[in-house]
Amino acid sequence: MTEFNTSDFMNPMKTQIWSNGRHLVRCVKVIPETHDVTTFTFSMNEPVMFFFKPGQFVTLELEIAGERVMRSYTISSSPSIPYSFSITVKRVPGGVVSNWLHDHLKSGDQVAVHGPVGNFNCMDFPAEKVLLLSGGVGITPVMSMARWWFNTDSEVDMVFAHSARSPRDIIYAKELEYMSTRIDNFKMHLICEQTNIGESWGGYRGYLNKHMLSFIAPDFLEREVFCCGPEPYMKAVRTLLEESGFDMKRYHEESFGETPIKDVKQAEIHADQAEAEEPKALVTLRIPEQDIVHSVELGSTLNEAAAEAGVNISKACGLGICGACRVKVVNGEFDMNHNGGITDEEIAQGYVLSCCTRVKSDIELEI
C-alpha cells in the first residue's frame, strides 16, 4: 500500500487561471438548444480555470474559406463551472460564422479564442434585486448571470423576463423551468410574440410593455436592470424605462452582432504574434496496437497528442485526480504532474495519467 502523504493531499491542485489573451481550446460538447440555436462547450486538456465575469464575451478566431475571421460571442455558461466555458449561437440566414459553426464545428475540434473581455457584467454592478431582460439569443449573457447566482446560492432577488418569437424558440426552456422550481429568489417570465399551429402556450403573448412589466416586476423601479437583445428590443426597453421614471444609471445593456472594433484589433494583434512565433519542435508519437505514427508538438500532453493523432483517450476530470485517462509509456521521456489519481506502484510499472503528462521526446504508448 502506498504511504499516505498529508502534505501532498493538502496542496492545492496544480492548475492555471484563464487570463485575457489568445488561447487554443478544444470543443468538447455540441448541444442543440432549439431548431436553430446550438451551444458549443470548450475546455483544455490541461487543468485551466476559465474564470470570467458573467456577461463577458470571447472572440473566436476562425479560418473560413481560407480567410481569418474574428467574431465575438457572449459566454453563456457560468464561472461557477470553471473548467470549461460555453457559447450559444443562433444560425443566421447568410451568417458566415454562425452557419460555419453549426455546419462544421464538432467535438474534438481545436479553435483559438481571445478574451474574456466586456464591461457588461453583474460583478461590477452588485445589487440585492435585479431584473434580467432579454430578447432572442440575447438571453446568453443574462443566463450566465442567472446561472452564477443560482450555482453560488446567492440571495440576490432575480426576476428573469425573456421574449421569444414562439414557444419553440425559447432557449434554455427546461433549465429555466428547473431553476424557477428550486429557489424562491428566481422568478421566471416568458413572453412569446406568436404561437404556431398546434402549439399550446400559457405565458405572456405579444411584446413587453409597461403594463406587462408591472405584472412581471411591480418593483422594477427599485431593481438593477441588465438587458440584452436586438437593437429594436433594447430601444423599446430603454423607452419604457425612461417614460416610467427609472434611474437609467442602474440600466446596463449589451448588444450582439459585429465584434467591437477595438476587440478585433486586439485579437488580430494576438493572432499575428502567434503566427510570428517559431514553430514548436515536433516529436513522434507511436501507438503500435493501433498502427499510429504521428508527429506532435514537444510539450503537449499525451491526451492532446493522442487526440491530434485521431485517438481518443477517455478522461473524466482532466485534473489528474480520477485516473480514468491512465495509459502505459513503453518508451520515451515525459513529465507528469498529477493530483493523486495514480499510485506509486502504477508509476513504477510505467503507467501515467495522460491528461497531465507532457511529452519530452519521441514516445511510444500502450493504450
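A disulfide here is a pair of cysteine sulfur atoms within 2.5 Å. Everything in these close-ups comes from a predicted model, in which local features need pLDDT of at least 70, side-chain atom pairs count only at pLDDT 80 or more, and totals for chains, interfaces and linings use all residues. Residues are numbered from 1 along each chain as its sequence is written, and side-chain values use heavy atoms, with hydrogens and water left out.

**View 1. Cysteines without a partner.** A search of the whole structure finds zero disulfides. Take Cys-228: this residue is in no disulfide, and the nearest cysteine sulfur, that of Cys-227, is 7.1 Å away. Cys-228 has 2% relative accessibility and therefore counts as buried (under 20% relative accessible area, with exposed over 50% and partly exposed in between, using a 1.4 Å probe and protein chains only). Cys-27 is buried too, at 1% relative accessibility.

View 2. Strand 8 covers residues 110-117; helices (H or I, at least four residues) and strands (E, at least two) are DSSP runs, numbered from the N terminus. Seven of its eight residues are buried, so strand 8 is largely enclosed by the rest of the structure. Strands count as paired if DSSP finds at least two bridges between them. Strand 2 (residues 21-34) pairs with strand 8 in the antiparallel sense over six bridges, and here Val-25 stands opposite Val-111. Strand 5 (residues 57-64) also runs antiparallel to strand 8, joined by four bridges; look for Thr-59, whose bridge partner is His-114.

**View 3. Strand 7 beside strand 3.** Five of the six residues of strand 7 (residues 85-90) are buried, so this strand is largely enclosed by the rest of the structure. Strand 3 (residues 37-43) runs antiparallel to strand 7, with six bridges joining them. To find your bearings, spot Thr-41 opposite Ser-86 in strand 7.

**View 4. The largest nonpolar core.** A nonpolar core is a set of buried Ala, Val, Leu, Ile, Met, Phe, Trp, Tyr and Cys residues joined through side-chain atoms within 4.5 Å. The largest one has 29 residues, and those touching the most other members include Leu-132, Trp-149 and Phe-226. Elements giving two or more residues to this core include strand 9 (129-135), helix 3 (139-151) and helix 4 (173-182). Helix 3 gives the most, with eight residues.

**View 5. Around Phe-226.** Contact means heavy atoms within 4.5 Å. Leaving aside residues up to four places away in sequence, Phe-226 touches several residues, among them Phe-120, Phe-125, Leu-132, Met-145 and His-252.
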